Amino acid sequence: MKNIFRIDLNQNRIFGLDILRAFAILFVVAGHAGNLVESETYKYINLFLFDGVGIFFVLSGFLIGGILIKLLKNNTVNLKLLINFWIRRWFRTLPNYFLILTTIVIINFLFGKNFTITDKLKYFIFSQNLFSEHPAFFPEAWSLSIEEWFYLLTPIIIFTFIKIFKTKIDNSILITAIGIILSITFFRYYRYSILSTNDIDVWNLTFRTQVFTRLDSLMYGILGAYAHYKYNSFWAKHRAYFFFSGIFLFIFDKFNFLCFKSFELYDCVFSFSVISLATLFLLPFLSTLKNGKGTIYKSLTYISLISYSMYLVNYTIVLEWIIMKINWLPLQNLNSHLSLITKYSLFWFSTIFLSIIIYKYFETPFMKLRDKITLSKNDG
């Protein structure tokens, strides 16, 4: 039985980045679990929850930026290199996504009311939230759409600067990152100037969860990868200063959101930039934490490894279908508090259990297959 849940930990992993990834997914899942508790209780839990998805965006940009820099510096820049990059990224993200998306479509087809497949096809090409509000179906897919468009567009823009405008590799990466940050921030400002945003639902749908209002978040990670490569000594020397500055920005943003919730200029335009900067500032310190030991190290690394699967299954499959829609007869005989505790525990257990199974028996085999069919293994 132990072998079913056993996951081998690669000793070459950067423990600091695993810490960040683990906390990010725990923030996300704990936030979704808040649907199971009373609002009065959740407001205390929420004090300790930060924007896990925003953290994921910057971390993803940092890792992908590092891969792109290594690829472009060590290889001939051509179409073959670009295609190889996409193959490796898509083997990492698409199998799990299509597995969960297809499962949710089948479940809704069999058990849902007034379900239609035609408007769900856009999920397979990540076009459901480019410029428009993300639909209610599979709501957590909004961030995956942003990630995939990032994987597609960023290398194309960098490639264009290098091949067509003959720009140096370093400058191409920097121009792309800064250009997208400025463009998306301006787009959010323009949208803020023409829309009336007066509650959290409108803010969430029109600013937080659309591709072309959030692409800039990943570019802060690209800037981090650029700084780590180009100014490594400065990056390492001031890591403690950056780390505490990042913590301060996280606390500042949380304080602002809890106390004001005005959905004015800061919330609609600049709050996403602040969270991205906060995460970026954590990276110099965390990226130097190469190793760990003990139970905490193993637990956080374990959670980090299954984090992608946790993100995919925890809300729609576990919360909405397993916890909310299944009639748990034994729980009906329990008092309300004991029933809540049982459902809450079942939510976490189911999320982690399913994520382990998916990671070990679906995600990992695809990762091994990826290494067999890609044209080059230079991008790690």
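This report describes the fold, surface, cysteines, salt bridges and backbone of one predicted protein model.

## Basis of the model

The model is predicted: local features need pLDDT of at least 70, side-chain atom pairs count only at pLDDT 80 or more, and totals for chains, interfaces and linings use all residues. Residues are numbered from 1 along each chain as its sequence is written, and side-chain values rest on heavy atoms, with hydrogens and water left out.

## Overall fold

The protein contains 15 helices and zero strands. These elements are DSSP runs numbered from the N terminus, a helix being H or I over at least four residues and a strand being E over at least two. Along its principal axes, the C-alpha trace spans about 70 × 50 × 50 Å. The radius of gyration is 21 Å, which agrees with the value near 21 Å for a compact globule of 380 residues; this radius is taken over C-alpha atoms, and the globule rule is 2.2 Å times the number of residues to the power 0.38.

Of the 380 residues, 50% are buried. Buried means under 20% relative accessible area, exposed means over 50%, and partly exposed lies in between, with a 1.4 Å probe and protein chains only. Contacts are defined by heavy atoms within 4.5 Å. Among contacts between residues at least 6 apart in sequence, 81% join residues at least 24 apart.

## Surface and nonpolar patch

The protein exposes about 19,100 Å², and carbon and sulfur atoms supply 66% of this area. Accessible areas come from the Shrake-Rupley method with a 1.4 Å probe; for residues, only the protein chains shown count as cover.

A nonpolar surface patch of about 690 Å² is formed by Phe186, Tyr189, Tyr190, Ile194, Leu195, Leu265 and Phe270. Two or more residues of this patch come from each of α7 (169–194) and α12 (265–286), and α7 gives the most, with four residues. Patches are made of residues with over 30% relative accessible area and no salt bridge; like charges are joined within 9 Å, and nonpolar side chains (Val, Leu, Ile, Met, Phe, Trp, Tyr) within 5 Å. Tyr189, a patch member, is located in helix α7 and is partly exposed, because its relative accessibility is 42%.

Ser196 belongs to the loop between α7 and α8 (200–208) and is exposed at 59% relative accessibility. Ser196 and Phe263 are 67 residues apart in sequence, while their C-alpha atoms are 9.3 Å apart in space.

## Cysteines

A disulfide is a covalent bond between the sulfur atoms of two cysteines. The criterion applied here is a pair of cysteine sulfur atoms within 2.5 Å, and the structure holds zero disulfides. The sulfur of Cys259 is 18 Å from the closest cysteine sulfur, that of Cys268, and is therefore too far away for a bond. Cys268 is likewise in no disulfide, its nearest cysteine sulfur being that of Cys259.

Cys259 is partly exposed, with 45% relative accessibility, whereas Cys268 is buried, with a relative accessible area of 0%.

## Salt bridges

A salt bridge is a side-chain nitrogen of Lys or Arg within 4 Å of a carboxyl oxygen of Asp or Glu. The count by this rule is nine. One of them joins Asp8 to Arg6, with the closest N and O atoms 3.5 Å apart; both residues are exposed.

Asp18 pairs with Arg21, the closest N and O atoms being 2.9 Å apart. Asp18 is buried at 2% relative accessibility, and Arg21 is buried at 16%. A network of salt bridges links Arg13, Asp18 and Arg21.

Glu40 pairs with Lys43, with the closest N and O atoms 3.0 Å apart. These two residues are three apart in helix α3 (residues 39–45), so about one helical turn separates them. Glu40 is partly exposed at 49%, and Lys43 is partly exposed at 40% relative accessibility.

## Positive phi angles

Asn114 is not a glycine, yet has a positive phi of about 55°. Asn114 is placed in the loop between α5 (79–111) and α6 (141–163) and is exposed, with a relative accessible area of 79%.

Phe126, also not a glycine, has a positive phi of about 60°. Phe126 lies in the loop between α5 and α6 and is buried, with a relative accessible area of 7%.
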